[in-house]
Amino acid sequence: MTTLEEQLAALPAEFRSTLATYGFDANRLSRLAEPLRQGVTADNLVKGVITPPTAADVLQLPAAGTAEHARLTALGKQALERGEYALVVLAGGMATRMGGVVKALVDALPGKSFLDLRLREVAVIRERYGALPPLWLMTSQSTDEKIKAALAARRSGDDVATFVQELSVRLTPEGNVFLDGEGRPSEHAPGHGDLPDALKRSGLLERFVERGGKTLMMTNIDNMGGTLDPLILGFHLAHGLPVTSEVVDKLGSDRGGIPVRVNDKPVVLEEFRIPPSFDPASVRVFNTNVFHFDAKALLELDMPWTFFTVTKKVEGKTVIQFERLVNEVCSVLPTKYLHLPRVGERSRFLPVKDNDELALRVPEIELIAKANGWL
C-alpha cells in the first residue's frame, strides 16, 4: 500500500499548486491520518475533568447610567478614536442552504448584502470617532475571488482587505486520498481555527501591531449582532486578559461552543467534544463565535492545535476531513466570558443559516442597523 505522502505527491501538479497557494501542510495531514491508517477509531472527546463555569468566569456588563458603564464606554471610545481596534470577519462560507451562493454577498436587507453592512459598519465608526477600524475578511478558495470582485475599488491596503484560510484534502476512512467518481481529489477548508495562522501569513496582523494596533474583534459575516460596540470593547480592555468570548442564553436546540472548566481551567468546548459524563445542558449559555483578541498575543500565539475528525458524505461515499476551531485558542490564552443579550436592538447573536431564517431575521437586522446608524 502506498503511503499518504506518496499519494499526495502523485496528485496533479495544478492541484498541488492550488493547495500550496492556500497553505496546505502535507506533513500535518499525514500525521493526522496515521490513526486512520492504523485502524484506530477517531476520538474527539476532551480528556480531563469537566465542570460548569463559575460565577466569576461568566460576567455581565454594568447597568446603563452607572459610573462603571460610563468608564468602560469611554475606554472603548478612546481605543476606537486611536484606531486600535480591527474588525475581522469570517467570510469563507458558501451558503449551501441558500443555493450554494457566497453568503457574504447575500442580501441581509433589501438591496444591502452582509458585506455591504459590514462596510457601512466601519464607515460609521470612522464618522463617529475619526478613525477607520481595519476590516479584514477571511475568505476561502470558494469565496475569495467573488468577494474581491464585490469589493472592487473598496479594497484599500490594510484598511479593507481579504486574507485566505487554508485548504486541505479529504481522505477515505482508511486514511487514503479520496478520489471522486471522475478520479479527482476533493478539497475542503479546515475550519475557522485557521484564523491566527492565516492572519500571520497575510502580514496584516504584524503590520497592525507595529503601527500601534491593540485588539481584534472576530465575528461571522452573517451575525449582524456581532458589531463593534464601545462598551463591550471597554469591557475587554478593562479585564486585562488576552481573550473575551461573548456568550448568550442557550435556547431550545441551540448547539455551539460552551464555556466550561477542564481540570479547573476555563475553556470553550464544542458539544461534540464533551464526554457523556458531563451534561452540556447544565450550562445555559453558549459562545456566539464573537471573540475579542489581544492582537500581540494572537500574533505571538504558538499552540498545539487540536484537529477534529469530521465525517462527511461526498457523492454518497463516506469521507474524512480534519478541522480546527478558533475557540481552541481559549485553551491556551486566558479568557473571560461576557454574557450578552440575544434579542432586541442590543442583540449580539443573529445567525442566518438558510433563506427561511433570513426572512425571520430581517426585522431584527433592520433594528440593529438603525440602532447603529447604518441606515
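View 1. A search of the whole structure, which is a predicted model, finds one cavity of 30 Å³ or more. The volume of this largest cavity is about 50 Å³, and its lining is made up of Asp-25, Arg-28, Leu-29, Leu-32, Ser-168, Pro-190, Phe-307 and Phe-322. Helix α3 (residues 26-37) supplies the largest share of that lining, with three residues.

**View 2. The salt bridge between Glu-166 and Arg-28.** Arg-28, one of the residues that line the largest cavity, forms a salt bridge with Glu-166, in which the closest N and O atoms are 2.6 Å apart. Because Glu-166 lies in the loop between β9 and β10 (168-169) and Arg-28 in helix α3, the pair ties together parts that are 138 residues apart in sequence. Glu-166 counts as buried, at 4% relative accessibility, and Arg-28 is likewise buried, with a relative accessible area of 15%.

View 3. The side chains of Glu-328 and Arg-273 meet in a salt bridge with an N to O distance of 3.0 Å. Glu-328 lies in the loop between β18 (317-323) and β19 (335-339), and Arg-273 in the loop between β15 (265-270) and β16 (285-294), so this pair ties together parts that are 55 residues apart in sequence. Glu-328 counts as buried at 5% relative accessibility, as does Arg-273 at 9%. Elsewhere, salt bridges that share partners join Arg-28, Glu-166, Asp-194, Asp-197, Arg-201 and Arg-324 into one network.

**View 4. The salt bridge between Asp-180 and Arg-184.** Among the 27 salt bridges counted in the model is the one that Asp-180 forms with Arg-184, where the closest N and O atoms are 3.2 Å apart. Asp-180, at 13% relative accessibility, counts as buried, whereas Arg-184, at 46%, counts as partly exposed.

**View 5. The two sides of helix α6.** In helix α6, which spans residues 144-151, the residues Asp-144, Ile-147 and Leu-151 are buried. These three cover an arc of only 70° around the axis, which puts them on the same side of α6. On the other side of the helix, Glu-145, Lys-146 and Ala-149 are exposed. The elements that cover the buried residues of α6 include β5 (101-102), α5 (114-129), β8 (135-139) and β9 (160-164). Following α6 comes Ala-152, whose phi is positive, near 50°.

Conventions: Residues are numbered from 1 along each chain as its sequence is written. This is a predicted model: local features need pLDDT of at least 70, side-chain atom pairs count only at pLDDT 80 or more; totals for chains, interfaces and linings use all residues. Side-chain values use heavy atoms; hydrogens and water are left out. Buried means under 20% relative accessible area, exposed over 50%, partly exposed in between (1.4 Å probe, protein chains only). Helices (H or I, at least four residues) and strands (E, at least two) are DSSP runs, numbered from the N terminus. The arc is that of the directions from the helix axis to the C-beta atoms. Contact means heavy atoms within 4.5 Å. On a 1 Å grid over the protein atoms alone, a cavity is a set of points where a 1.4 Å probe fits but cannot get out, and a pocket is an open set with protein on both sides within 12 Å along at least five of seven lines; lining residues have an atom within 4 Å of a point. Grid points are joined across faces, edges and corners, and a volume is the space filled by probe spheres set on the points. A salt bridge is a side-chain nitrogen of Lys or Arg within 4 Å of a carboxyl oxygen of Asp or Glu.
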